[in-house]
Amino acid sequence: MDLLRNRRKQAASTEPSIEPSLDVTSLPSLSGSASPPEPWEQVDISSSDYARRRRELMEMMVDLRSMGADALIALPSVVVIGGQSAGKSSLVEAVSGINVPRDSGTCTRCPMECNMSSHATSWSCTITLRIGFDSNGLDLQKPTNVEFGRQITDRSEFEVWLRRAQAAILNPNVPSSTFHTKTIEELRNIKNTLKFSRNVVCVSIEDPDATDLSFYDLPGLIQNEEAEIVALVKSLAEHYIEKKNTIILTTIPMSDDMENQQSMSLARAADPNGKRTIGVLTKPDTLGTGAINQRRKWIEIIEGRSEEHTLRHGFYCVRLPDDAERAQRLSRAESQRRAAEYFDTTSPWKDVIDRRRFGIPGFVSDISQLLIRLIEEALPRLREDVDTLLAKCIKDFDALPPPLENDPQIEVLGRVNAFCDDFKSFTNGSHEDKRLAQRNRALYAIFKRDIRGTAPDFRPFNEPEDYVPLDDTEGNMTLTERDPGVRVMGIYDIRKVIQEAIGWELPNNVPYQAKSNLIAQFTKLWVAPSERCLVGVNNVLDQVIDTLISTHFGRFKVLEEYFGNLIRIQVDICRARAQDAVKTALELETTTPHYTQNTHYLQTLREKWLAHYKTVRNRPSTYRAPIRHKKKGKSPTVKPSISSGPRSSNLSEAHSIPDVKSDTEMYECPPPTLGWGISLKGCDPDQTYPETPESKALRALAEAGYAGLRVSDLARLLPPDSFEEELVVMADVRAYYHVAYKRIIDHIPFTIEHALHHALAKQLSQSLLTSLLTDAASGPSFSERMKELVSEDASIAQKRLMLSTRKERLLNIRRRLMTFSNGI
């Protein structure tokens with residue numbers, strides 16, 4: 001004992017003070033660190049303020065782990081790792097004063113948390129099973145702590161109870177109480193359900209001779225086992241040591257080279273700079289007196305002179321009881337006395353100045369001190385982390401829909417009515433979301449453009465391709481977007497159509513069939529734009545319906561699926577009816593008779609076009625097209641109005657308005673070479689052209705009393721044309737096109753709106769309620785069916801439970817942290 005006291009005094013003379021630090025990586029080196037007197041020196045440290053605070057910190061860490069805090073925040077901890085035959089079990093026994101199982105092969109198959117407290121008058125121990133993972137290794141929403149057996153007061157009983165607890169962990173489907181009476185032999189013969197488990201056996205030791213300390217003992221790293229088991233043990237170690245608040249204790253047998261130790265490799269991977277790793281060198285007595293080089297190398301490592309193996313907190317060397325000494329059941333004091341005597345009398349260990357680097361007492365004291373400092377420095381950050389997690393948890397919890405409070409029948413009917421009312425407001429444009437009206441207006445504008453592009457292209461010349469298109473009676477504008485189905489027709493083309501239609505008509509009578517055939521050429525082109533327009537409107541409707549279904553029924557997945565199917569059935573019915581209505585509207589225009597009561601407008605247009613065609617024929621050079629190099633295979637085309645492809649899932653597309661040109665933008669101004677002495681509409685309004693003969697003639701006629709005439713009226717003064725019949729047919733057909741064009745561009749949109757949107761809005765409420773009542777009446781109970789429809793989605797209920805449990809855990813953790821803070 002005097003020898004031990006001399007060693008303590010020698011070590012104390014070299015002890016500098018240690019300043020507080022932020023975390024484990026910034027804590028000062030343990031070399032020469034100060035510590036309170038050890039209990040085996042007959043000094044009672046349990047009465048000191050330091051011992052009280054250390055005990056309170058340790059108790060708080062135990063409480064936090066029992067709450068499952070280590071699954072949410074990084075709690076400061078000490079983890080012991082090492083390979084088989086590295087002396088890890090002996091180290092744990094020497095530190096804790098308990099005997100752990102020792103079998104051939106791997107005997108530790110789950111983590112053990114050892115919490116040691118010196119605040120006791122006699123030795124006792126309790127074991128608890130902390131179940132935080134299911135049998136598949138997945139986190140449980142809330143960990144449970146199961147007290148395992150009675151309080152142990154006899155040290156000799158501890159080993160069998162530890163074996164029983166580990167067996168209970170490895171067989172989660174068997175009640176833990178089943179293992180309370182198992183013998184060691186029975187436990188060895190059990191075929192465990194699991195090979196390893198992440199669940200923890202928690203050992204709480206009250207020992208007046210102990211130093212307050214808490215650490216994890218992990219299963220020993222193995223090599224000669226199945227690959228799956230080797231990887232599982234390795235991943236378990238990696239999981240524990242990767243946390244930045246973890247002190248890594250790696251046991252290294254001095255009988256082997258440092259480079260061969262897997263535990264050091266894992267520690268370097270988790271802690272590349274060696275700031276939180278402490279090496280514990282075991283089995284120094286296995287080095288023979290002839291192993292001079294090996295001893296020299298180990299001395300350099302212990303003294304911190306090795307360039308290859310440097311750790312911030314250094315290495316400790318311990319001599320642990322061998323098998324013979326364990327058989328003698330030596331006391332902790334006797335084991336430590338023999339180890340101290342060995343290091344103080346054996347070369348080269350006796351020559352090392354820093355004596356705290358040898359033996360269990362100095363090692364345990366320094367580790368305990370380092371852990372306490374780490375916990376103290378981590379407390380503010382732990383509180384911040386808990387507050388951050390709690391705020392996020394509350395935010396996620398509040399984002400979930402609250403549990404249903406209304407009567408299920410009221411809830412269902414209320415949501416159906418709200419859906420129908422919203423859709424009606426979408427249809428009539430009174431809803432604040434204007435996507436349906438705006439998008440459809442844009443589609444109808446595209447439809448109008450496409451129909452305008454089907455206008456007949458009559459050019460009253462022998463070679464019509466050599467002249468510009470005549471798309472305006474004033475000759476001011478030219479259509480720039482023309483349907484590719486429109487055929488350029490000259491004077492002989494019209495004559496041929498007339499001749500092919502002649503039946504038994506008298507001479508000088510143009511067959512009605514000729515005009516009908518020419519009208520059919522442009523009305524048949526209206527089918528495709530109408531179908532494209534309907535497809536586009538259907539796509540927009542689908543997007544709006546999907547949005548409203550999700551908005552009003554999405555909270556309850558069963559309700560959303562049920563009414564979603566019913567609503568889409570009604571949409572399909574109205575869609576089919578709308579398609580038939582559009583088809584009927586098109587048949588009115590594409591089949592005979594071609595009729596209108598708007599005769600005044602028709603006659604006016606006929607006269608304008610006839611005069612225009614005559615004027616054009618009288619001045620062919622003015623309308624001759626400029627010579628251009630045409631590419632082979634190229635022809636004017638109309639851009640597609642709306643895609644008829646699959647429905648878009650992007651609801652933002654419903655708000656986009658296509659680029660639709662106005663009537664004036666669909667034309668181009670021709671060069672001002674007509675020489676009519678007027679400022680052409682659509683061209684430069686500031687430019688005035690010289691007075692032409694036509695202008696002079698109109699002025700002279702006005703002076704003679706024939707006022708109100710236009711340039712087009714002068715065509716009546718022209719001599720008869722040999723193609724007069726053909727020009728009349730051109731004028732009749734072109735005039736009827738304009739009458740029918742103005743009719744169809746309104747008729748098709750109105751047909752779609754009323755046959756699709758308004759019809760759906762009108763019948764939706766009645767059809768949904770009828771289907772609901774019919775379905776409920778066919779079941780055993782109307783109320784049960786309503787309850788089923790508004791049953792909460794399982795994932796939402798599970799998430800609410802998970803967040804609620806997490807919130808409760810975080811509140812408990814926060815309360816415990818604040819309680820400790822207020823008690824300081």
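Let's start with helix α20, which covers residues 724-777: its 54 residues reach 76 Å from the first C-alpha to the last, close to the 80 Å expected at 1.5 Å a residue. That expected span is 1.5 Å times one less than the number of residues, and helices here are DSSP runs of H or I with at least four residues, strands being E runs of at least two, all numbered from the N terminus. At Leu-764, α20 bends by about 40 degrees, the bend being the angle between axes fitted to the seven residues ending there and the seven starting there.

A word on the model itself. It is predicted, so local features need pLDDT of at least 70 and side-chain atom pairs count only at pLDDT 80 or more, while totals for chains, interfaces and linings use all residues. Residues are numbered from 1 along each chain as its sequence is written, and side-chain values use heavy atoms, with hydrogens and water left out.

Now let's move to strand β6 (213-217). Five of its five residues are buried, that is, under 20% relative accessible area with a 1.4 Å probe and protein chains only. In a regular strand, side chains alternate between the two faces of the sheet. Both faces of β6 are covered, with Leu-213, Phe-215 and Asp-217 on one side and Ser-214 and Tyr-216 on the other.

Which strands pair with β6? Strand β1 (residues 77-81) does so in the parallel sense over two bridges, and pairing requires that DSSP finds at least two bridges between the strands. Val-80 has Asp-217 of β6 as its bridge partner. Strand β2 (residues 112-117) runs antiparallel to β6, joined to it by five bridges; here Cys-114 is partnered with Phe-215.

Val-80, Leu-213 and Phe-215 turn up again among the residues that line the second largest cavity, which has a volume of about 60 Å³. A cavity is a set of points on a 1 Å grid over the protein atoms alone where a 1.4 Å probe fits but cannot get out, and lining residues have an atom within 4 Å of a point. Points are joined across faces, edges and corners, and the volume is the space filled by probe spheres set on them. Helix α3 (88-96), β6 and α11 (360-399) each supply at least two lining residues, with α3 giving the most, three. The lining has nine nonpolar residues, no polar and no charged.

The largest cavity holds about 100 Å³ of space. Eleven residues line it, and the closest to its centre are Pro-101, Thr-108, Met-112, Leu-162 and Gln-166.

Key: 1 Å grid on protein atoms, 1.4 Å probe; cavity = no way out; pocket = protein on both sides within 12 Å on 5 of 7 lines; lining within 4 Å. Nonpolar A, V, L, I, M, F, W, Y, C, P; charged D, E, K, R; others polar. Buried < 20%, exposed > 50% of the residue type's maximum accessible area, 1.4 Å probe, protein only.
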